[in-house]
Amino acid sequence: MSRDTTAEAPAESAPPTARAGRLDRWGAVWRRWRVLSLVLAAFVALSAVREISGQDALTASGTVQTMLAFAVPIGLAGLGGLWAERAGIINIGLEGMMVFGTWFGAYAAWTTGNPWAGLAAGILGGVAGGLVHAVATVTFGVDHIVSGVAINILSVGAMRYLSVLYFMEAPGGGAGQSPQLPDFSPVGLPFVADLLRPVQESGVFLAADAAGIVTGLTTGMSVVTLIALLLLPVTYAILWRTRFGLRLRSCGENPDAAESLGVNVYAYKYAALAVSGGLAGMGGVFLAMVASSVYQEGQTGGRGYIGLAAMIFGNWRPGGLAMGAGLFGFTDALQIRGQGPAVHALLLLLAGVLLVVVLGAVATAVWRRRLRPLRTAAVAAALGAGLGAWYLFTDTVPSEVVIASPYIATLLVLALASQRLRPPAGIGRQWRRRSG
């Protein structure tokens with residue numbers, strides 16, 4: 001006798017695509033809350049260290065403004081690397097593209113007297129460098145590292161030659177520098193500094209720190225800095241919320257699959273490298289016309305490479321990149337605004353971070369019943385104890401440590417974050433279009 005099982009059948013579940021969509025949305029919400037929680041925890045920790053150490057320079061508005069001046073060119077270089085590497089191209093040539101931006105921006109601004117002409121010329125100079133890298137790597141299949149290093153070497157020699165040709169006879173110029181350049185007008189919110197100054201000077205825990213950070217982020221800012229900050233959400237929106245961005249990222253993950261779906265992989269790689277070079281060129285303009293008012297040979301100072309490190313720290317995403325550039329800019333600003341005592345206070349902050357790492361590793365070991373996290377906890381505990389003792393038994397740090405503090409902090413954070421990194425799957429691949 002047959003049975004009618006229609007009534008007993010379970011309700012039809014949602015289609016797999018719908019479930020996947022919900023999971024993706026919840027995952028995105030969780031990532032946002034995790035980032036927000038991390039930022040708030042860092043703010044509270046920094047405020048606590050300021051309260052304990054008495055180093056007001058840690059959250060002063062002047063430190064925040066100086067941090068932006070150091071972080072913006074690194075962030076722009078990192079954004080350039082993000083565009084290139086999301087399309088599968090390693091762009092070691094960011095340093096050279098920044099050099100192109102510094103010289104061409106300075107030359108156009110000097111000859112026209114218009115800083116906006118300098119900004120446009122610097123971006124175009126970086127675009128030219130990016131297209132050279134595209135021709136070498138995409139069209140001719142040259143190794144990405146070799147092409148990038150060649151651009152870095154070429155940029156130094158070519159800009160030296162052009163400086164001798166155009167700046168040598170100019171008043172105030174020379175073989176390694178340009179004459180004085182026009183400045184961009186500052187922007188900011190009016191009355192913010194006056195309204196928040198009493199709160200900042202009160203020294204109240206959290207309130208004074210928030211007032212200093214808000215003042216630094218809303219006053220005395222160059223218009224190029226504002227544009228650079230806006231480029232972070234714009235980059236995220238383009239690469240993760242548009243069809244163009246999806247296709248570009250598919251070229252970096254699996255170019256064969258992208259080609260099979262009709263994507264012109266070569267065109268997208270060219271576009272990514274053009275944008276990459278333009279962003280790096282804009283970072284060069286910032287160095288020549290905002291951080292200073294004159295082009296100087298060697299002005300980039302390795303910031304293209306540091307931008308790549310910030311991009312890797314950020315796991316090839318704009319938000320993480322911003323945090324990496326901000327970390328380097330903050331430690332660099334402290335060595336100028338607070339010098340030895342302020343950098344000394346960071347020892348306490350690092351010891352606290354390592355304590356959190358220890359607690360997390362122990363909890364992971366207990367939860368998963370594994371011994372490997374305990375080794376991480378032991379190393380972090382030893383380092384944290386050493387930094388805590390260093391802070392307790394000294395009043396400052398040697399000048400050599402102060403100068404090297406940005407690089408030390410960047411290396412420590414990269415070491416701690418390296419376990420969770422996931423580069424694009426097809427990065428560095430010398431891809432050729434299928435003949436069939």
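Sixteen residues, given here as 16, line the second largest pocket, and those nearest its centre are Gly220, Met221, Ser222, Thr225 and Val290. The elements that each give two or more residues to this lining are helix H2 (61–86), strand E2 (221–222) and helix H11 (265–289). H2 supplies the largest share, with three residues. The pocket has a volume of about 250 Å³. Its lining holds nine nonpolar residues, six polar residues and one charged residue. The model is predicted.

Now to the backbone. Most residues other than glycine have a negative phi. Phe191 has a positive value, near 70 degrees, and is not a glycine. Arg369 also has a positive phi, of about 55 degrees, without being a glycine. The table sets out both residues.

| Residue | Phi | Location | Relative accessible area |
|---|---|---|---|
| Arg369 | about 55 degrees | loop between helix H14 (339–368) and helix H15 (372–392) | 78% |

Arg369 is placed in the loop between H14 and H15. Arg369 is exposed too, because its relative accessible area is 78% and the cut-off is over 50%.

Key:
Residues numbered from 1 in each chain as written. Predicted model: local features only at pLDDT ≥ 70, side-chain atom pairs only at ≥ 80, totals over all residues. Heavy atoms only, no water. Helix = DSSP H or I, 4+ residues; strand = E, 2+ residues; numbered from the N terminus. Buried < 20%, exposed > 50% of the residue type's maximum accessible area, 1.4 Å probe, protein only. 1 Å grid on protein atoms, 1.4 Å probe; cavity = no way out; pocket = protein on both sides within 12 Å on 5 of 7 lines; lining within 4 Å. Points joined across faces, edges and corners; volume = space filled by probe spheres on them. Nonpolar A, V, L, I, M, F, W, Y, C, P; charged D, E, K, R; others polar.
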